[in-house]
Amino acid sequence: MKRVYIILVNWNGWRDTLECMNSLMRLTYSDFRIIICDNASSDDSRGQIKNWATRNNLPYAEYQCPLTDVGGTAHLDPLLTLIATNRNLGFAAGNNVGMRYALARDDAAYCWLLNNDTIVEPDALEHLVSRMRGDESIGICGSTIRLYHDRERIQALGGGYYCRWIGLPWHYGRFFKRWDGTVNQLRAESWMNYVEGASMLVSRQFLERVGYMSEDYFLYFEEADWALRAKNQFRLGYAPQSIIYHKVGGSIGTCSNPLNKSSVCDYYNIRNRIRFTRRFYPALLPMVYLVLVGECMIRLLSARWERAFMILGLMLQRGADLEKRP
């Protein structure tokens with residue numbers, strides 16, 4: 001078997017994390033280790049996770065960032081490693097901490113980036129590894145992601161398509177009202193240009209050649225950035241029988257309806273649409289701005305004045321100013 005490091009990023013969500021951990025304990029793929037990167041939680045997440053490990057007789061190791069001499073502890077091989085990042089690094093940087101730890105141990109063949117607000121079917125990892133081993137040109141492989149609270153509905157079949165002309169992504173399968181379990185795997189793989197970040201199996205070769213996720217988005221668009229950077233080096237894969245159930249944005253209020261998004265979700269989504277376009281498709285920025293003007297109007301008509309002014313403010317900012325957080 002090939003060693004897989006499963007990476008969960010936790011931020012004030014220990015209940016979700018422990019539910020996810022319970023499902024990981026039932027995996028049929030046996031050669032895995034789990035890394036939990038805690039982004040400076042204030043709800044005693046680390047204490048709760050350690051108590052859970054103790055109750056379940058699960059050996060664990062604990063580290064603080066910055067990580068030093070990880071290779072020197074290679075003789076230790078706990079099933080669970082808990083890393084305190086000491087500040088809220090966001091999605092990409094939190095996962096990058098875990099991936100750096102995994103690669104430093106020198107026995108990682110793959111890293112499975114898994115949202116902490118998911119649970120997995122027992123054979124989910126087995127199908128991911130099988131798909132990637134069957135085609136070594138695949139650098140990132142996605143899962144079938146169903147909604148946790150409505151399990152016949154689909155969030156994404158592997159990944160989705162980012163339309164550069166308007167700056168919007170669509171998850172493949174998102175508009176299926178009910179999924180009957182059938183899917184054209186090759187069609188999904190040919191259609192998607194990013195893998196949905198709730199479940200991404202990444203090869204060691206991908207990380208060594210392409211590098212880690214870009215950390216300047218904080219939330220959203222990291223997956224599309226990663227895939228685009230690797231476009232001429234690796235393919236994107238999809239393992240349909242790898243089934244994940246996702247609660248979808250429980251910690252930050254993610255929602256497909258712009259009027260129901262939290263302010264944090266709305267801010268990073270808009271900011272990073274602009275940032276991503278400036279980075280990869282600067283000539284199309286006027287088209288993306290036209291779409292954003294329409295989004296301003298929707299919020300104004302819904303009396304979301306502060307959200308409309310937020311969008312206008314981001315549109316008027318220079319590139320360097322987009323680095324700032326609200």
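Student: Which hand does the crossing of α9 and α10 have?
Tutor: Elements here are DSSP runs, numbered from the N terminus: helices are H or I with at least four residues, strands are E with at least two. A crossing is left-handed if the near helix is turned anticlockwise from the far one by less than a right angle, and right-handed if clockwise. For α9 and α10, the crossing is left-handed.

Student: What kind of model is this?
Tutor: Residues are numbered from 1 along each chain as its sequence is written, and side-chain values use heavy atoms, with hydrogens and water left out. Local features need pLDDT of at least 70, side-chain atom pairs count only at pLDDT 80 or more, totals for chains, interfaces and linings use all residues, and the model is predicted.

Student: At roughly what angle do the axes of α9 and α10 cross?
Tutor: Axes are lines fitted to C-alpha atoms, for helices over the stretch in contact, and angles run from 0 to 180 degrees between N-to-C directions. Helix α9 covers residues 285-301 and helix α10 residues 305-316. Their axes come within 7 Å and cross at roughly 160°.

Student: Is α9 roughly parallel or roughly antiparallel to α10?
Tutor: Under 35 degrees counts as roughly parallel, over 145 as roughly antiparallel, 65 to 115 as roughly perpendicular and the rest as oblique. The axes cross at roughly 160°. That makes the pair roughly antiparallel.

Student: How many charged residues are in the contact of α9 with α10?
Tutor: Contact means heavy atoms within 4.5 Å. On α9 the contact is made by Tyr289, Leu292, Val293, Glu295, Cys296, Arg299 and Leu300; on α10 by Trp305, Arg307, Ala308, Ile311, Leu312, Leu314 and Met315. Ala, Val, Leu, Ile, Met, Phe, Trp, Tyr, Cys and Pro count as nonpolar, Asp, Glu, Lys and Arg as charged, and the others, Gly among them, as polar. The contact of α9 with α10 has 11 nonpolar residues, no polar ones, and the charged ones number three.

Student: How do α1 and α2 run, roughly parallel or roughly antiparallel?
Tutor: Helix α1 (residues 14-24) packs on helix α2 (residues 45-55) with axes 9 Å apart, at an angle of about 30°. That makes α1 and α2 roughly parallel.

Student: Which residues of α2 does α1 meet?
Tutor: The crossing of α1 past α2 is right-handed. From α1 come Trp14, Thr17, Leu18, Met21 and Asn22. Their counterparts in α2 are Ser45, Gln48, Ile49 and Trp52.

Student: Against which elements do the buried residues of α2 pack?
Tutor: Buried means under 20% relative accessible area, exposed over 50%, partly exposed in between (1.4 Å probe, protein chains only). In α2 the buried residues are Ser45, Gly47, Ile49, Trp52 and Ala53. They pack against β1 (4-10), α1, β2 (32-38), β3 (60-64) and β4 (80-84).

Student: Is Asn57 buried or exposed?
Tutor: Asn57 lies in the loop between α2 and β3. Its phi is near 50°, positive in a residue other than glycine. At 70% relative accessibility, Asn57 counts as exposed.

Student: What is the relative accessibility of Ala40?
Tutor: Ala40 sits in the loop between β2 and α2. Its phi is positive, about 55°, although it is not a glycine. Ala40 counts as partly exposed because its relative accessibility is 35%.

Student: Which residue of β13 is the bridge partner of Ser143?
Tutor: Two strands pair if DSSP finds at least two bridges between them. Strand β7 (residues 138-147) pairs with β13 in the parallel sense, over nine bridges. The partner of Ser143 in β13 is Ala239.

Student: And which residue of β13 is the bridge partner of Ile119?
Tutor: Strand β6 (residues 118-120) runs antiparallel to β13, joined by three bridges. Strand β13 (residues 235-246) has 10 of its 12 residues buried, so it is largely enclosed by the rest of the structure. Ile119 has as its partner in β13 Tyr245.

Student: Which residues does Asn269 touch?
Tutor: Asn269 is in helix α8 (residues 263-280). At 15% relative accessibility, Asn269 counts as buried. Not counting residues up to four places away in sequence, Asn269 touches Tyr220, Phe221 and Lys261.
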